[in-house]
Amino acid sequence: MTNSEKNRIKDKAFQWFGITCTIIGLLVLAIFIGDIIAEGFARIDWKFLTSYPSKKPEKAGLYSAMMGTLWMLGLTAIIAIPLGIGAGIYFEEYAKKSRMANILEINLANLAGVPSIIYGLLGLEIFVRSMGMGTSLLAGACTLSLLILPIIIVSTREALRAVPNSIRQASYGMGANTWQTIWHQILPASMGGILTGIILSLSRAIGETAPLIVTGALAYVAFVPETPMDQYTVMPMQIFNWISRPQHGFQVNAAAGIIILLCITFLLNGIAVFLRNRWQKKVKW
Amino acid sequence: MEKLSIKDKKLEAIDLNVYYGDKQVLKNVNMAIKANTVTAFIGPSGCGKSTFLRTFNRMNDYVEGFRKEGDIIVDGKDIYQKMVRVEELRKKIGMVFQKPNPFPKSIFENVAYGLKIQGIKNKKLIEETVEKSLHQSALWEEVKDDLKKSALSLSGGQQQRLCIARALALEPSILLMDEPASALDPISTSKIEDLIYELKQKYTIVIVTHNMQQAGRISDNTAFFYMGDLVEYDETKKIFTNPEKERTQNYITGRFG
């Protein structure tokens, strides 16, 4: 066998290896989703979406959990987005290279890898106890904000870095100061990337359970929160609660809840992809 | 070369040393540039000519490790003094870069940007300025019907003329050009060169170029840099026909570079 034949076979082999890996990943996901749909899809109706939890599985619904998740998402967004973008802008556009900036950067990278339960404990100590927020929506949202801040900061920085330096130079060269350059040129040009990061981080936040268990999300909530200081539950908590019950009816409820949670996550990710494509088309260097 | 009186000196460098970290990129440069002339900086890559150009509008301030000794005088004022506001300085000194770098916005917005950041809101004034600037940069006829089009849809040569218009909109008195035609085709290049010739009436132009013929065609004076030294600075005619230094002669005739 000649060398070029050998190389060709190697090339083919690797191609098949890659295809196999992809199929395994997709297959597992497909089986999982298929199984969940088969079990829970029939359970989803208007009543399921608008009922409070109940002792009887066929009467129980997702209403309070969905409302809790909406509240949580909104509050987390309000807290995390300005902080994340602000910090990202500081790191990328203002911070000079110094030891302090280096230490901050390393810590930022570390934060992104901290298990979510640790954030929960931090939130419990700081927000729930020290700051006296109690087991409220606000305490949960602050905790989740901490959790997704590193993601927003990192993706904001990447989006800012993708704006070519020639744009900054052009703007500075015309007498713009740093803030004008950021506001008029850098932010509009990097908005697609920043939005994508925000949405992906929020879609991570709505799936989080561990930190909210620690900061006191309730398992059984038969009311809808009206202020940020109210107690609450969220969809993953409700699903977890149902799934840990022996009755088959609750298992079905859990599957139905998972489908809805997945739908929301896919929807958010879909919006992220759409925004990315749209902005990429608009801005071509 | 004629001696300039203080009044005639538009730009001046006095005993200028520039360092990037430990590396010295400009060595004791002294040079005075007369108003309403075109001055070309030539020399091999890395000789410090672009760095020198950028000291005049302080664009080197953003380069890590930048440090300078000596003075840069613009219109009789030391521009590196603490009280000087770079933003004001750069309104007076327009800059055109090597690669056309229009903002990813409309043609109109590109030219209006300088006015916008100065807080000028008068629509009529902005429209007039945009039109005037595009006329000056010889782009008006080509774009007058679609000012709303993205600047990125223009050709490279048009983009560069847009960048010139953008700089002119601030009505600077000095124009710094860092190899403005090096990324362009010959036809666009000749348009830019014609433009520089026109603009000389009103502006003091300093241009960095790698193109010997270009320097010969468009400039009144030429400065040859080598390894951070200003080797020779004289009238372009003289530099190209009868330079004093052998090194200049060798570079111009293409024996090294």
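In this predicted model, the largest nonpolar core has 74 residues, and the members that touch the most others are Phe41(B), Ala167(B), Leu175(B), Leu176(B) and Ile205(B). Leaving aside neighbours within four places in sequence, Leu176(B) is in contact with Leu53(B), Phe56(B), Asn57(B), Ile93(B), Met95(B) and Val206(B). Another core, of 56 residues, lies apart from the largest one and includes Ala205(A), Ala217(A), Met235(A) and Trp242(A). In soluble globular proteins, nonpolar side chains tend to be buried together.

Chain A has eleven helices and zero strands. Its C-alpha atoms fill a box of roughly 70 × 70 × 35 Å along the principal axes. Of the 285 residues in chain A, 36% are buried. Among contacts in chain A between residues at least 6 apart in sequence, 77% join residues at least 24 apart.

One pair of helices in chain A can be described in detail. The axes of helix 6 and helix 8 come within 8 Å and cross at roughly 150 degrees. Angles over 145 degrees count as roughly antiparallel, and helix 6 of chain A and helix 8 of chain A are therefore roughly antiparallel to each other. Their crossing is right-handed.

| Helix of chain A | Residues | Contact residues, among them |
|---|---|---|
| Helix 6 | 137-161 | Leu144(A), Ile148(A), Ser155(A), Glu158(A) |
| Helix 8 | 178-205 | Ile186(A), Gly193(A), Ile194(A), Arg204(A) |

By class, this contact of helix 6 with helix 8 has eleven nonpolar, seven polar and two charged residues.

Conventions. Residues are numbered from 1 along each chain as its sequence is written. Chains are lettered from A and ligands numbered from 1 in the order in which they are written. This is a predicted model: local features need pLDDT of at least 70, side-chain atom pairs count only at pLDDT 80 or more; totals for chains, interfaces and linings use all residues. Axes are lines fitted to C-alpha atoms, for helices over the stretch in contact, and angles run from 0 to 180 degrees between N-to-C directions. Helices (H or I, at least four residues) and strands (E, at least two) are DSSP runs, numbered from the N terminus. Angles under 35 degrees count as roughly parallel, over 145 as roughly antiparallel, 65 to 115 as roughly perpendicular and the rest as oblique. A crossing is left-handed if the near helix is turned anticlockwise from the far one by less than a right angle, and right-handed if clockwise. Two residues are in contact if their C-beta atoms, placed from the backbone, lie within 7 Å. Ala, Val, Leu, Ile, Met, Phe, Trp, Tyr, Cys and Pro count as nonpolar, Asp, Glu, Lys and Arg as charged, and the others, Gly among them, as polar. A nonpolar core is a set of buried Ala, Val, Leu, Ile, Met, Phe, Trp, Tyr and Cys residues joined through C-beta atoms within 7 Å. A residue is buried if 20 or more other C-beta atoms lie within 10 Å of its own, exposed if 12 or fewer, and partly exposed in between; C-beta atoms are placed from the backbone.
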